[in-house]
Amino acid sequence: MDQMHAWRVALKTNRSVRLLAVLGLALVVIVPLVTAIIIVQLRREEVRGASRELTTLDLLLTEETTRAFQSVDLVLDAIAENAIGTGAHAPDDYVARSGTREMHEFLKAKLTGIPQLDAITMIAADGHLINFSRYFPIPSVNVSDRDYFKYLKEHDTTAPFMSEPVRNRGTGTWTIYLARRVSAPDGTFLGLVLGAIELDYFDRLYRSLGLIDGTAIALWRTDGVLLAHFPPLPEGTGTRYSMRMSASVTPDKDVQVFRTHENSPFGARLVATRVASDLPIAVNISQTMETVLADWRRQSWVIGVSGGACLVAALFLLWAFARRIRAYDAVAAAMAERHQAIVAREEMERRLLESQKLEAIGQLTGGVAHDFNNLLAVILGNLEMLRRHVGGDSKGIHYLDNAMRGVERGAALTQRMLAFARRQELRPGAVDLVALVQGMQDLLRRSIGPSISIELRFPSILPPANVDANQLELALVNLSVNARDAMPNGGTLFVSATRRVVPPGRDDGLAAGEYVCLAVRDTGTGMDEETLRRAAEPFFTTKGIGKGTGLGLSMVHGLAAQSGGRLVLKSTPGEGTTAEIWLPVAAAEQPQTLAARAGATAPEDGDEVSDFARLRILLVDDDPLVLTGTREMLEGLDHVVLPAANAEEAMRRLTAGEAVDLVISDHAMPGMTGATLALEIHKRWPHMPILIATGYAEIMDEERYDLPRLRKPFRRRDLAAAIAETISANEPSDTRAAS
């Protein structure tokens with residue numbers, strides 16, 4: 001604004017400045033505009049001139065090519081008429097009268113003066129050769145399987161049939177066959193007369209024209225089969241192409257001119273084409289746009305340089321004008337930069353404080369969730385052991401089941417807390433967001449109720465996102481339920497996705513690269529600024545008591561951040577809310593399908609029978625209650641348990657030579673973690689099976705230690721299944737530490 005004010009002051013106070021400004025602006029606008037108009041007009045004229053030349057050449061080539069085929073067709077027609085004229089009114093008569101040496105000499109004579117006609121063949125109604133212009137007698141050959149024979153036998157037509165190009169078995173040259181049906185006066189099929197036309201004839205004809213570089217001639221069959229091309233193509237004759245001409249040019253039209261695109265089989269070209277009036281052929285003559293516009297480019301360069309010189313003069317005038325107000329601009333720019341620096345610093349400080357606050361809350365939440373999982377593990381284990389000793393007391397079992405369901409709800413709550421703290425276990429992969437959302441429509445409709453409609457808006461092409469598909473589905477359900485609560489009187493839920501590119505240097509927490517932005521927008525009440533600022537905090541909710549945990553948006557925030565993206569919330573009171581989940585684009589791989597994401601079904605109660613005998617298990621956990629509860633579960637599964645309160649004690653027991661079939665260790669222990677313990681064990685006993693049981697869903701070193709894991713809290717059936725899976729991955733002969 002300050003800079004614009006300085007310009008306005010200078011223009012008002014100095015008449016010379018005003019005149020220079022008007023002149024300079026006029027030149028800046030007029031010179032490029034006039035230059036562009038001249039260049040565009042010259043290009044149009046160049047294309048028109050080339051189109052006229054190609055049209056004339058294509059007319060001549062089409063006529064010449066048509067005459068070449070018509071000459072052959074006239075010969076075939078004359079031979080067919082001769083056969084009928086000799087009294088061949090039945091198939092046997094046609095064979096008898098056409099298979100003579102006199103007919104052979106007649107065929108040879110018909111070849112004279114027709115260079116494109118290589119040979120003539122007469123064929124019986126059963127497909128056997130009757131006579132051949134090259135030699136007599138002929139061998140027993142049957143061609144009833146050829147396309148021209150099948151077509152003309154089934155169609156009583158006087159029009160010739162043109163075959164696809166084939167290599168002549170005798171000469172090795174590319175040949176097409178022009179066939180005519182021979183019918184008795186009553187329409188009975190007697191056989192065929194076949195003419196072999198060498199395509200080299202057309203190559204020689206087109207070569208003799210002396211075309212300039214960039215010009216090409218193509219002879220087509222109207223169904224898209226290339227018969228001849230000059231200059232020759234790498235694919236060769238007989239290649240089938242998708243022809244625009246077959247849809248836009250018909251025999252009753254003159255030459256048509258059109259352009260092809262860069263991605264067409266022949267590149268960007270100006271093409272003139274015409275279909276023969278009585279034959280299924282078309283002739284193209286084309287030039288590359290590079291050739292067509294060669295002269296125009298040279299002229300455009302000269303015109304552009306001239307226009308550029310004028311523009312430089314205009315810019316020089318503007319530069320001279322700018323010097324007059326340099327002092328004003330410098331002052332204004334300095335003030336603007338100072339203001340922007342202050343605003344940027346305040347914004348960075350605000351973001352830093354917000355980030356530090358969320359990070360601190362996340363660390364606290366993750367630690368609480370870990371300790372809470374250990375407590376839940378103790379409670380769940382003891383409840384399950386108690387349930388097995390209750391006996392037939394159905395009321396007692398009912399109470400215990402209720403308590404166990406409460407524990408499982410607590411575990412689900414800790415899972416959401418871990419999601420916000422970015423310590424949840426993710427199985428990211430390439431996910432087709434369109435297929436995922438469309439597959440969830442029924443679930444979303446049941447979640448939001450009949451008073452709210454759902455609209456999906458996706459582009460035709462969307463790259464897959466790198467994310468855990470199951471966690472993303474849960475996030476979508478959470479966002480949809482929030483939108484439902486914001487629209488008590490009904491409304492519309494919009495779900496859309498777009499591809500976004502983040503440039504380098506962006507300071508909103510996203511790394512440079514490609515992202516997919518999945519947006520969920522409602523038409524509800526919206527949020528004010530204060531509510532929007534705290535919306536992603538864990539346990540913060542505006543809903544009534546018992547209507548929400550306040551962990552929905554925090555879970556979505558954690559999922560997006562842990563996946564390498566971010567959650568962006570936008571809201572205006574009375575206008576609704578938009579939640580954007582930015583996810584990085586996945587590497588090129590097959591997107592996850594519902595079947596690929598489906599895990600194994602959890603075993604039911606009682607599915608704890610293992611194929612393994614009693615095992616000696618080294619159990620490591622720094623929490624005495626968890627250690628005791630897990631030990632009782634293992635002993636209930638008929639295993640021998642060797643307890644250790646920390647990793648150091650476990651190593652001492654192994655080093656002392658105690659026989660161990662399996663090590664089950666907690667991960668988050670003081671001193672040496674479970675993952676580090678596993679590394680130390682594998683250095684000395686590389687085949688020792690190790691199972692990590694942890695209250696954290698994520699092991700920070702999991703990329704270095706590929707270990708089986710069991711998430712706390714767990715039931716005895718989960719423990720049994722994890723042991724079976726771990727032992728199955730190791731050979732029994734190598735699983736014991738030497739005593």
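Predicted model: local features only at pLDDT ≥ 70, side-chain atom pairs only at ≥ 80, totals over all residues.
**Exercise 1.** Decide whether Ala647 is buried or exposed, and find which residues it is in contact with beyond its neighbours within four places in sequence.

*Solution.* 
- Locate the residue. Ala647 is found in helix H19, residues 647–655.
- Take its relative accessible area: 1%.
- Apply the cut-off. Buried means under 20%, so Ala647 is buried.
- List the contacts, leaving aside neighbours within four places in sequence. Ala647 touches Val620, Met669, Met672 and Leu677.
- Check one C-alpha pair. Ala647 and Thr673 are 26 residues apart along the chain, and their C-alpha atoms are separated by 7.3 Å.

**Exercise 2.** Describe how helices H13 and H14 pack.

*Solution.* 
- Two packed helices are described by the angle between their axes and the distance between the axes.
- Read them off. H13 (residues 441–448) and H14 (residues 469–486) pack at about 35°, with axes 9 Å apart.
- Assign the hand. The crossing of H13 and H14 is right-handed.
- Name the residues. H13 supplies Leu443, Leu444, Ser447 and Ile448; H14 supplies Leu476, Val477, Ser480, Val481 and Arg484.
- Sort them. The contact of H13 with H14 has 6 nonpolar, 2 polar and 1 charged.

**Exercise 3.** Characterise the largest nonpolar core.

*Solution.* 
- Count its members. The largest nonpolar core holds 56 residues.
- Phe69, Tyr94, Phe202 and Leu219 have the most contacts inside it.
- Find the main contributor. Helix H2 (residues 15–85) gives the most to this core, 14 residues.
- Leaving aside neighbours within four places in sequence, Tyr94 has contacts including Met122, Ile130, Val182 and Leu190.

Key:
Residues numbered from 1 in each chain as written. Heavy atoms only, no water. Helix = DSSP H or I, 4+ residues; strand = E, 2+ residues; numbered from the N terminus. Buried < 20%, exposed > 50% of the residue type's maximum accessible area, 1.4 Å probe, protein only. Contact = heavy atoms within 4.5 Å. Core = buried A, V, L, I, M, F, W, Y, C linked by side-chain atoms within 4.5 Å. Axes fitted to C-alpha atoms, helices over the stretch in contact; angles between N-to-C directions. Left-handed = near helix turned anticlockwise from the far one by under 90°. Nonpolar A, V, L, I, M, F, W, Y, C, P; charged D, E, K, R; others polar.
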